[in-house]
Amino acid sequence: MMSWWSRPALHFLLLGGLLYAGSAWQAQRDSYRINAPGPERLQAVLDEWVRSSGRLPTERERQQLLAAETDGDILLTEALRRQLHRDDPVVQQRLLRDARFLGIVGSEREQLAAVLALEVHKRDEVIRRRLIQRMEDYGRSRADATEPDEPALRALYQQQRERWQLPARLQLSHIYLSADKPLPRQRAEQLLQTLRAEPVDLATAPQLGDVFLHGNRLPLQDSNALAFYFGEAFVETLLAQGEALLANPARGWLGPVESAYGYHLVLIEQFEEAGYQPFAEVQSALQAQWRRQSQQRALADYMAELRECYEVLP
């Protein structure tokens, strides 16, 4: 009597199972293999970078561009493995547009089936960007949802002190002596002596000089705004005088102070030193930045995991 183990049908069944398992294993393995971007594609990436930046990339920048292109291919392949292209509304509309462009007729379902069979979704740049974006969003979504505590935010605040710096602010009146007229500096020096010997009403003092396009009395504003009107050298001189003004509020007209237009006699009416935005005012911005950084770390970790899974073939 033939034992069950020696029956040919069982042998064929086992052999078929092994072949199927081997084929499935090979298909699974191949699905984690991608080809490295070709020379023409990489050159196109470098050419686009040169057009946008106006210069050639450094070797480090070049390697970063090439790595980013490979990472994009990994994310796209992973998105296709997850079948994201089959339920994404943006991708669906793009595929229908491609179907019409190719002259494919039929219902929307039939058109989608036809373009998917042609693998149009693997070559369409809009679909590529959309699927990569979805995978990046997924990577960011893996970030820890725990909100940072106040000590952590204060540490971040201290690390970025320059970001929260506020420039000094000044309110001033000035008498303008135009460089387009003869001896502007000498005129300014003589007028300053007159002002110090015989005080003049602030409302009428600007009339002793020339007409200035932006006005002779400027409201309280930061030094950057003043530099836009008068130039950096003018503002630097006033900032030094402003610090002295805090020690001696009774100081009067200063000058002559040179600007891009000529010379000025300046009366600093109010001066606020440079400082920093208080922590309380920027706390919400710090929280948002913390979340963004946490999401970027999560995405970087996810990309590292994917790189371990995928084999990039030369």
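The second largest pocket has a volume of about 170 Å³, and helix H3 gives the most to its lining, with five residues. This is a predicted model, where local features need pLDDT of at least 70, side-chain atom pairs count only at pLDDT 80 or more, and totals for chains, interfaces and linings use all residues. Residues are numbered from 1 along each chain as its sequence is written, and side-chain values use heavy atoms, with hydrogens and water left out.

**Second largest pocket**
- Its lining includes Ala68, Glu69, Arg128, Ile132, Met303 and Arg307.
- At least two lining residues come from each of H3, helix H6 (125–141) and helix H11 (279–309).
- By class, this lining divides into five nonpolar, one polar and five charged residues.

**Largest pocket**
- The largest pocket has a volume of about 260 Å³.
- Among its 13 lining residues, Arg33, Ile34, Asn35, Asp73 and Thr77 are the closest to the centre.
- Strand S1 (33–35) and helix H3 (59–81) are the elements that give two or more residues to this lining.
- H3 gives the most here, with four residues.
- The lining has six nonpolar, two polar and five charged residues.

**Terms**
- A pocket is an open set of points on a 1 Å grid over the protein atoms alone, where a 1.4 Å probe fits, with protein on both sides within 12 Å along at least five of seven lines; lining residues have an atom within 4 Å of a point.
- Grid points are joined across faces, edges and corners, and a volume is the space filled by probe spheres set on the points.
- Helices (H or I, at least four residues) and strands (E, at least two) are DSSP runs, numbered from the N terminus.
- Ala, Val, Leu, Ile, Met, Phe, Trp, Tyr, Cys and Pro count as nonpolar, Asp, Glu, Lys and Arg as charged, and the others, Gly among them, as polar.
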